[in-house]
Amino acid sequence: MKFQIPIGPQHPALKEPISLRMTVEGEIIRDADIRLGYNHRGLEKLAEQKTWIQNIYLTERICGICSHSHTTCYVQGVEKLMELEPPKRGLYIRTLVAELERVHSHLLWLGVAGHEAGFDSFFMYTWRDREIVMDILEIITGNRVHYGINTIGGVRRDLDEQQIKHILDSLSVLRQRSEYYKHLGTNEPSFVARLAGVGYLSREDAIALCAVGPTLRASGVPMDVRKDDPYAVYDEVPFEVCTAETGDVLGRTVVRIKELFQCYNIIEYLLKNLPSGPVAVRAPRRAKPNEVVSRYEAPRGENIHYIKSNGTDKPERLKVRAPTLGNYAATIKMLKNGFIADVPLIFAAIDPCICCAERAVSLVDARTGQEKIIVMNDLKRLSRRLSAGNIRKREAEWPL
Amino acid sequence: MLTKLTQWSRLKSPWILHLNTGACNACDIEVVAALTPRFDVERFGILLKATPRHADVIVCTGPATRQMKDRLIRIYEQTPDPKFVIAVGACAMSGCVYRGAYNVIGGIDQVIPVDVYVPGCPVRPDAVIDGVVKLLNKLKG
């Protein structure tokens with residue numbers, strides 16, 4: 001007996017509205033369908049009416065969590081179109097903000113994963129530590145979320161000695177706190193048991209379905225735009241691509257925790273090797289007719305901007321492929337043959353943060369036609385109960 | 001007596017529903033940040049609720065998109081009276097950078113009545129708390 005469950009589009013906390021339709025057989029999901037468009041604002045069309053500079057602020061507002069990713073991706077493309085060479089110091093600061101953003105995004109995600117797994121104190125811990133990064137970002141850029149630091153040809157603000165000292169001091173606090181996350185699994189076996197084996201994605205599927213970012217790396221594919229196609233100053237910075245072999249939500253958690261430590265190393269390297277000189281070069285108002293594809297490794301995965309210019313001061317076309325979209329196909333694969341109760345966890349694991357909130361799920365019993373509304377809290381309770389008796393997950397070990 | 005009690009409990013413990021009507025997440029993250037240890041609005045009795053049926057205050061972020069318009073009205077209707085709406089962020093106030101886009105109607109006030117506007121792109125968590133406190137003062141008066 002199969003029936004359909006609609007989920008969404010109202011989500012009280014965090015993320016964009018989205019609608020999911022699950023076809024279930026009992027507790028098992030047989031098919032899933034994702035419906036988009038609730039958050040569609042017509043941004044790409046809007047970009048065609050704005051100038052190159054104005055569009056930086058528009059692309060920044062594509063996403064509030066990876067705002068720097070989108071502007072950097074866009075600005076890199078425009079710099080290629082205008083044949084500009086940004087100064088080294090500017091690129092270093094741009095990379096620094098990018099890595100700080102990755103830290104704040106991963107801390108945010110860890111909290112969300114903890115919340116979905118029923119580990120709310122972990123959620124509060126990571127979000128408290130995240131405020132340290134937000135403070136650093138505010139000191140560097142003047143803003144907590146939309147930094148507005150990128151400009152065509154470099155960055156808008158310079159760093160001084162005092163700021164560098166503050167960042168390095170805060171970094172040691174963050175490192176210390178992150179040590180706790182590293183040993184989290186050994187201290188909290190129930191957390192590991194909840195995550196292991198959920199939302200399995202094999203290496204072959206991950207490649208075939210074009211998964212990106214930590215989702216792909218957790219399936220054992222060491223792919224990272226920062227290494228494969230270095231932009232900004234990543235070709236000078238030593239770092240490792242973090243992977244996990246398990247391919248489940250546990251693997252995605254491990255990848256993000258490992259990446260946190262890589263980020264701290266990158267930030268430290270950037271600050272200690274910051275070259276002197278100007279931070280930006282003057283940019284022309286127009287770009288010659290041409291087209292360009294720009295790639296960027298956002299915290300969630302590969303971000304692609306396609307920009308076409310026609311010789312005026314406005315782009316003719318701006319196409320944005322955000323990482324979450326790239327992960328949707330893989331998500332459906334992960335959801336299939338899983339429990340309904342695992343939906344929040346699996347969906348949160350690709351980091352659209354969509355399930356951070358409780359929302360109503362309507363269960364329609366096909367035999368009686370009766371409709372039942374379940375609040376996400378009940379669903380989570382159900383998920384904890386179901387996962388309690390799973391033997392395979394109990395054998396899982398914390399790999400860090 | 002009973003009205004006094006309801007008034008007191010409403011002031012001491014307003015439950016909020018956070019609704020994203022097409023925002024870019026920035027305001028949403030800041031609203032959630034207001035609930036976490038640094039800002040911690042829960043000490044004032046403000047609690048994030050899952051469903052509109054439990055909420056007193058709807059905290060709206062983002063411009064109203066055409067797709068969300070009907071859902072927004074439906075959620076507003078599901079909230080029990082007396083209900084209050086806080087428009088959080090420049091988008092919810094006027095549409096911000098998305099103003100003029102084909103799928104954006106404009107501010108939340110184009111669709112449902114709004115009691116308090118909190119400006120900022122995105123708002124700071126402090127501003128969210130300030131907005132809620134202003135609303136509570138309005139209720140008292």
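The model is predicted. The predictor assigns the complex an ipTM of 0.89 and a pTM of 0.86. For chain B the average pLDDT is 85, and 99% of its residues score at least 70.

Start with chain A as a whole. It has 400 residues, and 52% of them count as buried. Take the contacts in this chain with a separation of 6 or more: 68% of them join residues 24 or more positions apart.

Next, the core. In soluble globular proteins, nonpolar side chains tend to be buried together. The largest nonpolar core in this model has 150 residues. Those touching the most other members are A:I346, B:V59, B:C60, B:I86, B:A87 and B:V88. Helix α4 of chain A, residues 88-116, supplies the largest share of this core, with 14 residues. Setting aside residues up to four places away in sequence, A:I346 touches A:V198, A:G199, A:V249, A:T331, A:M334, A:L335 and A:G338.

Now the helix packing in chain A. Two packed helices are described by the angle between their axes and the distance between the axes. Begin with α5(A) and α6(A). Their axes lie 10 Å apart, at an angle of about 165°. Angles over 145 degrees count as roughly antiparallel, and α5(A) and α6(A) are therefore roughly antiparallel to each other. Their crossing is left-handed. On the α5(A) side, the contact is made by A:D129, A:I132, A:I136, A:I139 and A:I140. On the α6(A) side, A:Q163, A:H166, A:I167, A:S170, A:V173, A:L174 and A:R177 take part.

Helix α6(A), residues 161-182, also meets helix α12(A), residues 249-272. These axes come within 10 Å and cross at roughly 160°. The two helices are therefore roughly antiparallel to each other. Here too α6(A) passes α12(A) in a left-handed crossing. From α6(A), the contact uses A:I164, A:I167, A:L168, A:L171, A:L174, A:R175, A:S178, A:Y181 and A:K182. From α12(A) come A:I257, A:L260, A:F261, A:Y264, A:I267, A:E268 and A:L271.

Move to helix α2(A), residues 52-60. Its buried residues are A:W52, A:N55, A:I56, A:L58, A:T59 and A:E60. They pack against α1 (43-47), α3 (67-81), β4 (150-151) and β8 (315-321) of chain A.

A:W52 is also a contact of A:I152. A:I152 sits in the loop between β4 and β5 (154-155) of chain A. The residue counts as buried because it has 24 C-beta neighbours inside 10 Å, and the cut-off for burial is 20 or more. Beyond its neighbours up to four places away in sequence, A:I152 touches A:W52, A:I53, A:V75, A:V78, A:E79, A:M82, A:L84 and A:A283. A:I62 lies 90 residues from A:I152 in sequence and 18 Å from it in space, C-alpha to C-alpha.

Another loop residue is A:P278, between α12 and β6 (290-298) of chain A. A:P278 is partly exposed, because 13 other C-beta atoms lie within 10 Å. Leaving out residues up to four places away in sequence, A:P278 touches A:P87 and A:R89. Between A:P278 and A:L168 there are 110 residues of sequence separation and 22 Å of space, C-alpha to C-alpha.

Finally, the interface. Here 40 residues of chain A are in contact with 36 residues of chain B. On the side of chain A that touches chain B, α1, α2, α5 (120-141) and α15 (376-388) each supply at least two residues. Of these, α5(A) gives the most, with four residues.

From chain B, follow B:Q67, which lies in helix α3 of chain B, residues 66-78. B:Q67 is buried, because 21 other C-beta atoms lie within 10 Å. Neighbours within four places in sequence aside, B:Q67 is in contact with A:G37, A:Y38 and A:H40. B:V104 is 37 residues away from B:Q67 in sequence and 9.0 Å away in space, C-alpha to C-alpha.

Note on methods:
Residues are numbered from 1 along each chain as its sequence is written. Chains are lettered from A and ligands numbered from 1 in the order in which they are written. This is a predicted model: local features need pLDDT of at least 70, side-chain atom pairs count only at pLDDT 80 or more; totals for chains, interfaces and linings use all residues. A nonpolar core is a set of buried Ala, Val, Leu, Ile, Met, Phe, Trp, Tyr and Cys residues joined through C-beta atoms within 7 Å. A residue is buried if 20 or more other C-beta atoms lie within 10 Å of its own, exposed if 12 or fewer, and partly exposed in between; C-beta atoms are placed from the backbone. Two residues are in contact if their C-beta atoms, placed from the backbone, lie within 7 Å. pLDDT is the predictor's confidence in each residue, from 0 to 100. Axes are lines fitted to C-alpha atoms, for helices over the stretch in contact, and angles run from 0 to 180 degrees between N-to-C directions. Angles under 35 degrees count as roughly parallel, over 145 as roughly antiparallel, 65 to 115 as roughly perpendicular and the rest as oblique. A crossing is left-handed if the near helix is turned anticlockwise from the far one by less than a right angle, and right-handed if clockwise.
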